[in-house]
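Biologist: I'd like to learn how to read a model like this one, feature by feature. Can we put it up and start with a helix?

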Amino acid sequence: METKAKISVVVPVLNRAKLIERSLDSIAAQDVRPLNLYVVDNGSDDGTQDVVRNWVRRHADDKGLNVNLMEEEQRGAARARQTALDIVDTEWVYFFDSDDEMLPGTLSGALALGDAADLVCFPLQLVDLNGRTFTLPIKKGNPLRRQVFNSLLSTQAYICRTKFIKDAGGWNKSLMVWDDWELGIRLLRHNPRVAFLHRNGAKIYRQAESITGTDFGSKQGQWEQVIDLISADAGTDRRLREMMDYRRVILAAHYRREGNGEAARKLLDRTLRSTTCSPIRKWLLRLIYIYTAHGGRGAYLLWR
């Protein structure tokens, strides 16, 4: 087994005492191991740090592992990831989650494609709350469009050259939601060379609770903050600004589906008032809102 590679793995964790060992075991089992493994505790109060320390002690004789347990008391996955990124000095970095499982051969397979790339992407396997398993494939087409609509660069779906992600600004520590979505858009706007590993890289276990959370109403305003930030950064990129109008309308539809009609109406009205879209595209935004609010899926196929 090759015990050192030119990559670091970063794992933020918040109250995952019962789950993090599965994640750490899957990293330790890689045929090419990371040079450094950074576990960043984000204020756990369930004994997570003790579980990690015990895991490290059990692997003390394994010289191929260099585990760094760090702390970031200010809450937020982006802040925890950036705490580690600030000191990562390997050529590559992979951000992983504490409740998921890295599949065998992921690091070796991705690194084998990295010579002419800044990002190496791969599909993921999703396990839902009922135990059903699905593959989240890499959507074909323009990478930026795929990121906006399908989250091509979700956190565990790619490795990245460390210099490239640092040059792009790293994680935005002010964001509490959609931080990986925003980072992915920023990375792709820096025109990376992208390679694709066509097999699943990780098994993602959907949890009822996570650092970012899953519902929309409880974090109303935070989602809009991310969309507004991307819109402001878009500058003269009209297509990106229009894609953000689409995301606002989809968010409004989610509010409506969750029973928050007032928030939905305000966001929809704001979007339709402020957009520079043509009247026909404004009509299409209304149609997308109605379709999604009533349970429709895949509305992005209408938004060309």
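Modeller: Buried means under 20% relative accessible area, exposed is over 50%, and partly exposed is in between, with a 1.4 Å probe and protein chains only. Helices (H or I, at least four residues) and strands (E, at least two) are DSSP runs numbered from the N terminus. Before we go on: this is a predicted model, where local features need pLDDT of at least 70, side-chain atom pairs count only at pLDDT 80 or more, and totals for chains, interfaces and linings use all residues. Residues are numbered from 1 along each chain as its sequence is written, and side-chain values use heavy atoms, with hydrogens and water left out.

Biologist: How should I read phi values?

Modeller: Most residues other than glycine have a negative phi. Here, Asn-15 has a phi near 55°, a positive value. Asn-15 is in the loop between S1 and H1 and is partly exposed, at 27% relative accessible area. Trp-178 also has a positive phi, near 50°. This Trp-178 is in the loop between helix H6 (162–167) and H7, and it counts as buried at 16%.

Biologist: Where is His-190?

Modeller: His-190 is in the loop between helix H7 (179–189) and strand S10 (194–196). It is partly exposed, at 39% relative accessible area. Beyond its neighbours within four places in sequence, His-190 contacts Phe-164, Asp-167 and Ala-168.

Biologist: Now aromatics. How do I describe a ring pair?

Modeller: By the distance of the centres and the angle of the planes. Rings of Phe, Tyr and Trp (its six-membered ring) pair if their centres lie within 6.5 Å; planes under 30 degrees apart are stacked, over 60 edge-to-face, and the rest tilted. By this rule there are ten aromatic pairs. One of them, Tyr-94 with Phe-122, is edge-to-face: 5.8 Å centre to centre and 90° between the planes. Tyr-94 lies in strand S4 (residues 92–95) and Phe-122 in the loop between strand S6 (119–121) and strand S7 (124–127), so the pair ties together parts that are 28 residues apart in sequence. Both Tyr-94 and Phe-122 are buried. Elsewhere, ring pairs link Phe-149, Tyr-246, Tyr-300 and Trp-303 into a cluster.

Biologist: Last one: what is the radius of gyration of the chain?

Modeller: It is taken over C-alpha atoms, and the globule rule is 2.2 Å times the number of residues to the power 0.38. For 304 residues, a compact globule would come out near 19 Å, and the chain's 20 Å agrees. The chain has eleven helices and eleven strands, and 54% of its 304 residues count as buried. Of the contacts between residues at least 6 apart in sequence, 78% join residues at least 24 apart.

How values were computed. Contact means heavy atoms within 4.5 Å.
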